[in-house]
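Please report on the overall build of this chain, its pockets and one of its sheets. Keep it brief.

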Amino acid sequence: MAYDVASVRGLYTSLSDGWTYLNAQAFPQIPERVSAAVARSFRMSPAITRPEPAGGSHSRRSAGQPEGFAFLHDARTAIADLTGATPDRVVLGPSLHALYSALAAAMRPMFRHNSTVVLNNADRPELTAALLRTDAAPRWAQADLATGELPAWQYDTLVDGTTRLVSIPAAHSLLGNVTAVADIVDRVRTRSRAWVVVDASAYAPYRAVHVDDWGADAVAIDIAEMGGPQIAALIVRDAAMFGRLEPLGHPSATGAEKLAQQVSPGLAGGVPALVEHYATLSEQPPAGRTSRRARLLASMSDTAAYLNSLRDDLHTFLGTLPAVHIVGVSGEAADGATIDRVPRLSFGVRGVPSATVNQRLFANNIVATKTPATPLFDDMGVPEMGGAVTVGLSPFNTTGDVDHLIRAVASLA
């Protein structure tokens, strides 16, 4: 079925305030289904589950325990459906930084005195900082300064037998560039037994995630970046991998409990609602009983096609403004490059500070964000341009939103 953006907009009550929200990379709007689920979960999480009168294979095993225990289990199951994994491979955490820090600490037995980790300047700085706390010596993969692309070929020389961990983003959170994750993983596998951890937070709101197809050892997702509660998840390739980790809490902890993090059951109750939200963005014709994963794949396929068309319009129309420079897209060095991108981009207007551009957008009821400083953007010369503004599209955005942005930018350019 065709993507019905009008119906999707009806799932977000916050859109009635008159603003044009183009800041999904920083503050995504929360679907009404999710906010209602979180409110209910906070209310019900301390309540005690009533015992069932009879036992059996389908009876509730959590009888006598707070409802919050079930919310945590349901959140892990929902994330498993979101990523094509199984619940026993999912670890919940309060943030990506906390999960990366926990993983680095739990991998301590795998590091030796000459161990190395391979990082890059395209990852989120806070995640890189968490991995730099290991005793391993860092090696650096560099993104292309013209396009922001993270080339896979450089891992042929960066990775060797001393490498224990490789970190990469599935997509750049500010540029939208999609990384060739499977290619990098294959190159790492031929040279090392290092674990590859992938940050899929900027990828998951726009594309279906297939963790097994990537082949990475761990995939991390910030649920809040998808419009959900402030929870993150780490999904490992195989539950047996937990056996190689050092417990961070109780010494007898096993499985995912080795990386146990304190997560609010009230927040966890909103995760299944978020996954269900993405599974119903595009209604599919009934074809018998279908799993949530199957519905999610069909819905995300339609959503990706719709948002890709908006992305193309955004790049095309912004690119026609002579004073506008789209970071990683405009310029002779990037001319002709064919890079897959999710619908996010950063741009600047020559001769106009980014703060002024952002103020003009705000005056026109458009909400974007001033691009934060990152090592990659510094190397790409964004500060010399006067800074940049980042735009991130959401499933509820329309061609009218894109046109509105172009008109506002054209008044400056």
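This is a predicted model: local features need pLDDT of at least 70, side-chain atom pairs count only at pLDDT 80 or more; totals for chains, interfaces and linings use all residues.

Residues are numbered from 1 along each chain as its sequence is written, and side-chain values use heavy atoms, with hydrogens and water left out.

**The chain**

The chain holds 14 helices and 13 strands. Helices (H or I, at least four residues) and strands (E, at least two) are DSSP runs, numbered from the N terminus. The radius of gyration is 22 Å, close to the 22 Å of the globule rule for 413 residues, so the chain is as compact as a globular protein of that length. That radius is taken over C-alpha atoms, and the rule is 2.2 Å times the number of residues to the power 0.38. Of the 413 residues, 55% count as buried (under 20% relative accessible area, 1.4 Å probe, protein chains only).

**The pockets**

A pocket is an open set of points on a 1 Å grid over the protein atoms alone, where a 1.4 Å probe fits, with protein on both sides within 12 Å along at least five of seven lines; lining residues have an atom within 4 Å of a point. A volume is the space filled by probe spheres set on the points, which are joined across faces, edges and corners.

| Pocket | Volume |
|---|---|
| Largest pocket | About 480 Å³ |
| Second largest pocket | About 380 Å³ |

The largest pocket has 20 lining residues, and L72, R76, E257, A260 and Q261 are the closest to its centre. Two elements give two or more residues to this lining: α3 (67-83) and β2 (90-93). The largest share, 4 residues, comes from α3. The lining of the largest pocket divides into 11 nonpolar, 6 polar and 3 charged residues. Ala, Val, Leu, Ile, Met, Phe, Trp, Tyr, Cys and Pro count as nonpolar, Asp, Glu, Lys and Arg as charged, and the others, Gly among them, as polar.

The second largest pocket is also lined by 20 residues, with A26, D222, A224, E225 and Q230 closest to its centre. Its lining takes two or more residues from each of α4 (96-106) and α5 (125-131).

Four strands form an open antiparallel sheet in the order β9-β10-β13-β12. β9 (324-326) and β12 (369-370) stand at the edges with a single partner strand each, so one side of each has no neighbour in the sheet. Strands pair if DSSP finds at least two bridges between them. β12 and β13 (residues 389-392) are joined by 2 bridges. K370 has V389 in β13 as its bridge partner.

How values were computed
Buried means under 20% relative accessible area, exposed over 50%, partly exposed in between (1.4 Å probe, protein chains only).
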